[in-house]
Amino acid sequence: MTGDHQTLALLLFGAFVAVTLAITTWVSRGRRGSAEEFYAGGRLFTPMENGFAIAGDYMSAASFLGISGLIALFGYDGMLYSVGFLVAWLVVLFLVAELVRNCGRFTLADVVAARMRERPVRIAAGTSSVTVSVLYLVAQMVGAGSLVALLLGGTSGAAQAWTVVGVGALMVIYVSFGGMRATTWIQIVKAVLLMGGALALTVLVLMRFHGDFDQLLRSAADRSGQGERFLAPGLKYGGDWTARLDFISLGLALVLGTAGLPHILSRFFTVPTARAARRSVVWSIGLIGSFYLMTIVLGLGAAAIVGSDTVRGSNAAGNTAVPLLALDLGGGADSTGGTVLFAIVAAVAFAAILAVVAGVTLASSASVAHDLYASLRRRDRTPRGEVAVARTAAAGIGVVAIGLGLLARDLNVAFLVGLAFAVAASANLPALLYALFWRNFTTRGAVWSVYGGLLPALVLVVLSPVVSGEPGSLFPGVDFQYFPLENPGLVSIPLGFLAGWFGTVTSREPADEAKHAETEVRSLTGAGAA
Amino acid sequence: MEKHDVPDAGTGRGSGGSGRVSGPRDPWHDALASGWAELEGAGAAAAGVMPPGFARKPGTGPADIYLEVQRSAAFQEVRRRYRRFVIPGAAAFFTWYVAYVVTATAAPGLMAHPVAGAVNVAMLAGLGQFLTTFLLTWAYARHARLRRDRAALDLRWTVLEQKRERDRGRSRDGAPERAAGRDAPSGSRSREPEVER
């Protein structure tokens, strides 16, 4: 990759940053920050806008580069990821989106705590939401660092570190000055860029094979060096039973975790009604589904056109598959077309990261200010005060994420994302579903289900091969590995549900019938919705 | 744009309602819960104007509006329709997804079975997951639009009207105003048979 690519890519990065900063200035001009405005953008986005923003919030650079790269290297096993990421949206659509929009104001804790004694539930749900967000944020920061270093050829540690710091600073600026409104528009712009970039590359790949999908599959299998095995599951997750169970665990976490991600839930509060929330999810399923279908074509195209060995040679995790494919589709490394396409892909990936981190930072600052701070401090605060806390929290979270992002630079990004999903599925989803659907659910049940999912998930990770006992671990020197799986979901998700059930049946205080009626009526009719 | 249009003044707490979250009290209508005693009369007076299906006991207070609505036939119909679609639907896609993941990891041989050209069972199953997701999304949106939305909106109006009724009863016990307040819900409820089909 020569200097031309990098210069053009840097110019496009700069243009995107300028546009996003302009958006931030534009939307924050002359606005007095009410909580409604800061957390929910005034709740006046249309379903289509919100659908694009949800897609922009959800499709990270890890999806664009990571999943296509996995498909380019391991064929079918990469596709398993994209299926999980998409099917998860049915859980959101069927069980969560409308009901949460009707019952909640800004955060997940609003929905769960409404039926309960508020303080303990809010603290529990706030803690787990912040944990999930920080894990997700660190994953994106680490991804950003390695991605930019990779695309710009700067393999030095300094380039990575400065990227992490820069991304962190930008996301704090977007969130604390622009709030939800700026974040939403950045996500919309990013979603349009990402879909446009993926669509252009997909069309070019399909044109190369004259629209013949079968021939694309054959060429990909041939050039992968694996033959038929490339198109069947097993290349990556086909090892011993531990590896297979690990994958099932990851699959469960992916499909159940999305509905518990705080930054996804907070997007439903930006539209006026539950009906609008439903329609935004329909939009986003359409966008996300077609995007993942395109990543399959891109991954197979990279295997068929670039070749799996070349991809592996450039980056062992396959993250450069799409940029290399773009270079080739544009006409080769020295052509103008190749340079332009490569720079566009790099800029789109960078935009993808910025939009995702802004959304996650906003959601976690909401959890800190609206749930934790509000519950731990008993002072009378005006709405203005809460927004000020949220802005400060965004900066604090930015600093924490930069610090952890620098420390965790060598951790696998896919693992971190899988872990965030597993914690969301274990701690947030059981409490949310019980609160919405179970008549007898009590305060103790809610608190136990959150901690009963959160603690096992975190403890199991500490005891897993990720942290110790293997050459690739965080602490390879010591061995306190007692749990064989990298992803805790298979154990911790059932534990979260079980703890919620057990806490409820052992509580001394019965569930409040009137509040349950209120939650149920509100959730299905929208009466009294914020 | 700072304002949010919440038609329901009864629960609309200002933007910064979270200032009150630290107590163990109901976050939604703590302001309303203050008026138990004075509302006794209003509740009884409203009993005569309840739409059919709302068995309102005389002497009940404001917190019971939701309990009454929850027990009403109209609400139970909405809930039944929602659950009848969502529970089997969720069970179906979740089973189908788990079966897919387990088969892919436990029986790769079966998945590698060729079907046509380079396309094998695994590829069909994966694309099938995409297809069923799109189909279920469409079916859910259609079901919600045709079978639930209108009835849910009517119930929303019912709750709103009952709250207004009660608030009026609290401020001044004017009979004409109460009569005027009655028109909207009965008008909207009359559309319900259309939805029942």
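**Legends to close-up views of the predicted model**

**Figure 1. Helix H15 of chain A, a helix of 41 residues.** Helix H15 of chain A covers residues 336-376, and its first and last C-alpha atoms lie 58 Å apart, close to the 60 Å expected at 1.5 Å a residue. The model shown here and in the other views is a predicted one. A bend of about 25° occurs in H15(A) at A:Val368. Of the 41 residues of H15(A), 36 are buried, so the helix is largely enclosed by the rest of the structure.

**Figure 2. A:His5 in helix H1 of chain A.** The helix that holds A:His5 runs from residue 3 to residue 28 of chain A. A:His5 counts as buried because it has 24 C-beta neighbours inside 10 Å, where 20 or more are required. Apart from neighbours within four places in sequence, the residues in contact with A:His5 are A:Thr339, A:Phe342 and A:Ala343.

**Figure 3. Packing of helix H10 against helix H19 in chain A.** Helix H10 comprises residues 241-257 and helix H19 residues 489-506. Their axes are 8 Å apart and meet at an angle of about 45°. H10(A) is therefore oblique to H19(A). From H10(A), the contact draws on A:Leu245, A:Ile248, A:Ser249, A:Leu250, A:Leu252, A:Ala253 and A:Leu256. From H19(A), A:Gly489, A:Leu490 and A:Ile493 take part. By class, the residues of this contact are eight nonpolar and two polar, with no charged residue.

**Figure 4. A:Val461 in helix H18 of chain A.** Helix H18, in which A:Val461 is placed, spans residues 443-462. A:Val461 is buried, as 22 other C-beta atoms lie within 10 Å. When neighbours within four places in sequence are left aside, A:Val461 is in contact with A:Leu419, A:Val466, A:Val467 and A:Pro488. A:Gly178 lies 283 residues from A:Val461 in sequence, and the C-alpha atoms of the two residues are 36 Å apart in space.

**Figure 5. Helix H20 of chain A and the glycine that follows.** Helix H20 consists of the 13 residues 513-525 of chain A. Its end C-alpha atoms are 18 Å apart, which agrees with the span of 18 Å that 1.5 Å a residue should give. Ten of the 13 residues are buried, so H20(A) is largely enclosed by the rest of the structure. The buried residues are A:His516, A:Ala517, A:Glu518, A:Thr519, A:Glu520, A:Val521, A:Arg522, A:Ser523, A:Leu524 and A:Thr525. After H20(A) comes A:Gly526, with a positive phi near 80°.

**Figure 6. A:Arg43, a residue with positive phi that is not a glycine.** The phi of A:Arg43 is about 55°. This residue belongs to the loop between helix H2 (35-40) and helix H3 (47-58) of chain A. A:Arg43 has 25 C-beta neighbours inside 10 Å and so counts as buried.

**Figure 7. A:His210, a residue with positive phi that is not a glycine.** A:His210 has a phi of about 55°. Its loop lies between helix H8 (157-208) and helix H9 (213-224) of chain A. A:His210 counts as exposed because it has 8 C-beta neighbours inside 10 Å, and 12 or fewer meet that description.

**Figure 8. The contact between chain B and chain A.** Chain A takes part with 67 residues and chain B with 64 residues. On the side of chain B that touches chain A, the elements giving two or more residues are helix H2 (64-71), helix H3 (73-106), helix H4 (108-111), strand E2 (119-120) and helix H5 (121-171) of chain B. Among these, H5(B) gives the most, with 18 residues. This side of chain B has 38 nonpolar, 19 polar and seven charged residues.

**Figure 9. The fold of chain B, with seven helices and two strands.** Along the sequence, the elements of chain B follow the pattern α-α-α-α-β-β-α-α-α. Chain B has 197 residues, of which 31% count as buried. Considering contacts in chain B between residues at least 6 apart in sequence, 56% join residues at least 24 apart.

Note on methods: Residues are numbered from 1 along each chain as its sequence is written. Chains are lettered from A and ligands numbered from 1 in the order in which they are written. This is a predicted model: local features need pLDDT of at least 70, side-chain atom pairs count only at pLDDT 80 or more; totals for chains, interfaces and linings use all residues. Two residues are in contact if their C-beta atoms, placed from the backbone, lie within 7 Å. Helices (H or I, at least four residues) and strands (E, at least two) are DSSP runs, numbered from the N terminus. Ala, Val, Leu, Ile, Met, Phe, Trp, Tyr, Cys and Pro count as nonpolar, Asp, Glu, Lys and Arg as charged, and the others, Gly among them, as polar. The expected span of a helix is 1.5 Å times one less than its number of residues. The bend at a residue is the angle between axes fitted to the seven residues ending there and the seven starting there. Axes are lines fitted to C-alpha atoms, for helices over the stretch in contact, and angles run from 0 to 180 degrees between N-to-C directions. Angles under 35 degrees count as roughly parallel, over 145 as roughly antiparallel, 65 to 115 as roughly perpendicular and the rest as oblique.
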